[in-house]
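Reader: I've got a model open on my screen and I'd like to learn how to read it. Could you walk me through it, one feature at a time?

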Amino acid sequence: MIASGNVPSSSLELHNNLHNNIAYHFISQLQNFIAEMGCVESKLVATIKYRRVEKDLDKKVAEALKERTKSKKKTFRNCLNKLQVQMSEEEIDNIHRYCDIDNRKGIQFPEFVVFLCLMYLLFGSDVTYRVSEFESARLNYVFDELIDAFLFFDKDGNGKMKRKDVTQRMNEATHQERTPSHITSQLFKEMDLNRNGHVNLKEFLLSIIRWAGVETDDDEARNETSP
């Protein structure tokens with residue numbers, strides 16, 4: 001064995017250089033690791049911060065939507081107050097949901113016409129009189145014609161039109177020129193909005209209004225964007 005004091009200087013230099021290289025490499029790797037951990041930490045903090053901001057915004061949007069819904073229901077209640085229709089809060093919510101046919105959390109104009117006709121049917125001509133004193137008689141006439149037309153097709157009188165009844169009624173007036181079955185089937189399909197095989201008064205009224213050319217905001221936007 002060679003004593004440490006007798007180690008050649010060249011061997012000591014080689015040993016020192018090797019030691020220094022190993023130390024430098026270790027320190028360099030440690031610095032890179034620390035830097036990478038810093039980036040991970042920074043990204044993690046940013047992600048957590050973004051999620052917190054996103055959660056806060058979601059909460060604010062949800063609150064704004066609730067306020068908007070309350071505002072629309074308040075307007076609906078004001079309308080009922082003007083019509084002097086006495087209804088409980090539960091009944092108001094039920095009639096609002098019933099007339100909100102497209103489930104947009106609001107009553108569009110065609111749905112409002114359906115609502116007025118239903119109010120006329122349930123509470124009488126005082127409703128239309130309070131809508132317009134001068135147009136009350138005309139509104140009553142139109143609503144009476146619509147309701148009687150529905151009753152004409154509702155053979156069973158249970159408030160539900162069936163496809164076979166529509167086909168039969170449309171061909172009762174004349175035996176010389178019958179309406180093709182595919183036309184009556186298409187008309188019934190357009191009226192059967194919830195696809196349950198029956199058409200109630202609400203669906204019948206809304207279909208008639210749409211066939212008359214009264215469009216919703218969605219219909220108008222769709223027509224504007226179509227080629």
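Reader: Let's start simple: what pattern does the protein chain follow, read along the sequence?

Author: First, a word on the ground rules. This is a predicted model, where local features need pLDDT of at least 70, side-chain atom pairs count only at pLDDT 80 or more, and totals for chains, interfaces and linings use all residues. Residues are numbered from 1 along each chain as its sequence is written, and side-chain values use heavy atoms, with hydrogens and water left out. Now, helices (H or I, at least four residues) and strands (E, at least two) are DSSP runs, numbered from the N terminus. Here the protein chain reads α-α-α-α-α-α-α-α-α, with nine helices and zero strands.

Reader: Which residues of α3 are buried?

Author: Buried means under 20% relative accessible area, exposed means over 50%, and partly exposed is in between (1.4 Å probe, protein chains only). In α3 the buried set includes P110, E111, V114 and F115. Across the protein chain, 24% of the 227 residues count as buried.

Reader: How many salt bridges turn up in the whole structure?

Author: A salt bridge is a side-chain nitrogen of Lys or Arg within 4 Å of a carboxyl oxygen of Asp or Glu. The search finds three. One of them pairs E135 with R138, with the closest N and O atoms 3.6 Å apart. E135 counts as partly exposed because its relative accessibility is 34%, while R138 is exposed, at 59%.

Reader: Which residues are linked in a network of salt bridges?

Author: D156, K162 and D165. The closest N and O atoms are 2.4 Å apart for D156 and K162, and 3.7 Å apart for K162 and D165. D156 counts as exposed, at 52% relative accessibility. K162 is buried at 18%, and D165 is buried at 5%.

Reader: What about E203: buried or exposed?

Author: E203 has 4% relative accessibility, so it counts as buried. E203 sits in helix α8, residues 201-211. For charges, Lys and Arg count as positive and Asp and Glu as negative; His and the chain ends are not counted. E203 has no salt bridge, and the nearest side chain of opposite charge, K202, is 6.7 Å away.

Reader: What does the side chain of E203 reach, then?

Author: The backbone nitrogen of L193, at 3.2 Å. Contact means heavy atoms within 4.5 Å. Leaving out residues up to four places away in sequence, E203 touches M191, D192, L193, N194 and H198. The C-alpha atoms of E203 and M191 are 5.9 Å apart, although the two are 12 residues apart along the chain.

Reader: One more, please: which side chain does S136 make a polar contact with?

Author: A polar contact is a pair of N or O atoms within 3.5 Å; within protein, one must be able to donate a hydrogen and the other to accept it, and residues adjacent in sequence count only if both atoms are side-chain atoms. For S136 the partner is the side chain of T128, at 3.2 Å. S136 lies in helix α5, residues 136-153, and is buried, with a relative accessible area of 7%.
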